[in-house]
Amino acid sequence: MHTTDAGGPDTPSDPGHRVVFLHGLFGRGKNFNRIAKDLAPDYRSLLVDLPNHGESEWTDAVDYRQMADSVAATLRAGVAAEGPVAVVGHSLGGKVAMVLALRHPDVVSRLIVVDIAPTQAGGGEGEFAHLLDSLAAVDLTTISRRSEADEALREPIPWDTTRLFLLQNLRGGSEGYSWEPNLELLRSSLDAIGGFPDAGDATFEGPVLWVAGGRSDYVRDEYAPRMRALFPRTHKVTIREAGHWVHSQAPEKFAEVLRGFLEHT
């Protein structure tokens, strides 16, 4: 599993001042670079590329338990070797973070779940299917520069910010361009991505910050009982000006809320 240590030489080594970031679908660890810089030098940040994304390896299936176990092993061998750390997860990464806390509470001191709930995704599967199909439809053998891929996606994905976010996953090399995410697997696994595994009797007793985007419907009032059954110490905050991608649409407010939680729990 590929990780990027965003801490500097003056970053504290105390495990209580270490924060791990897990990105959402189509993302990569470096999506949280801005937030990591806002937390430095008080907090050392580890940016994780989840399986089938970024520079991490592809797998044969999308399974939240397997992803959580892989993250746990990575953390135990690194930033959590000396004690539990704070874990931030957005969307798909938020579900991985919740499963991680439920299955491996010894590595998680505090949990921050961003615009997702431990239930069905909330109606975004159709949107994600469209985006995945649009990326897969680009004939990369005809692409000689990034701007050509941007132009090929302009009609199916007319929203500039979304298209530019997705184009971060395009990598060029000696053999041409390729997509870093495992598009075929992700497309065939949208039902699994939208679901949430049975947690049995497990609960996480540590403090949990549940961050919702005010212009998103991924966190609904009816999800609160399930969230609090699994995470009894949940505190919910809504950032009204943000949609689903809270950390990129309202970075200053998100960093402020995150820092406040880290400093007072």
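The legends below describe close-up views of a predicted model. Residues are numbered from 1 along each chain as its sequence is written, and side-chain values use heavy atoms, without hydrogens or water. Local features need pLDDT of at least 70 and side-chain atom pairs count only at pLDDT 80 or more, while totals for chains, interfaces and linings use all residues.

**View 1. An open sheet of 7 strands with mixed pairing.** The strand order is S1-S3-S2-S4-S5-S8-S9. Strands (E, at least two residues) and helices (H or I, at least four) are DSSP runs numbered from the N terminus; two strands pair if DSSP finds at least two bridges between them. S1 (3-5) and S9 (234-239) are the edge strands, each with a single partner, so one side of each has no neighbour in the sheet. From one strand to the next the twist averages 20°.

**View 2. Strands S4 and S5 with helices H3 and H11.** S4 (residues 85-90) and S5 (residues 108-114) run parallel and are joined by 6 bridges. His90 is placed opposite Val114 in S5. Helix H3 (residues 92-103) lies across S2 (18-22), S4 and S5, at about 145° to S4. Helix H11 (residues 251-263) packs on the sheet, where it touches S2, S4, S5, S8 (208-213) and S9, and its direction makes about 155° with that of S5. Contact means heavy atoms within 4.5 Å; axes are lines fitted to C-alpha atoms, for helices over the stretch in contact, and angles run from 0 to 180 degrees between N-to-C directions.

**View 3. The second largest cavity, with a volume of about 30 Å³.** The whole structure has 2 cavities of 30 Å³ or more. A cavity is a set of points on a 1 Å grid over the protein atoms alone where a 1.4 Å probe fits but cannot get out, and lining residues have an atom within 4 Å of a point. Grid points are joined across faces, edges and corners, and the volume is the space filled by probe spheres set on the points. His23, Gly24, Gly27, Asn31, His90, Phe165, Trp245 and His247 line the second largest cavity. By class this lining has 2 nonpolar, 6 polar and no charged residues, with Gly counted as polar.

**View 4. Backbone details at Phe26, Pro41 and Asn52.** Phe26, in the loop between S2 and H1, has a positive phi near 75°. A cis peptide bond with omega of about 0° joins Ala40 and Pro41; Pro41 lies in the loop between H1 (33-39) and S3 (44-48). Asn52, in the loop between S3 and H2 (64-76), has a positive phi near 70° and is buried at 3%.

Key:
1 Å grid on protein atoms, 1.4 Å probe; cavity = no way out; pocket = protein on both sides within 12 Å on 5 of 7 lines; lining within 4 Å. Buried < 20%, exposed > 50% of the residue type's maximum accessible area, 1.4 Å probe, protein only.
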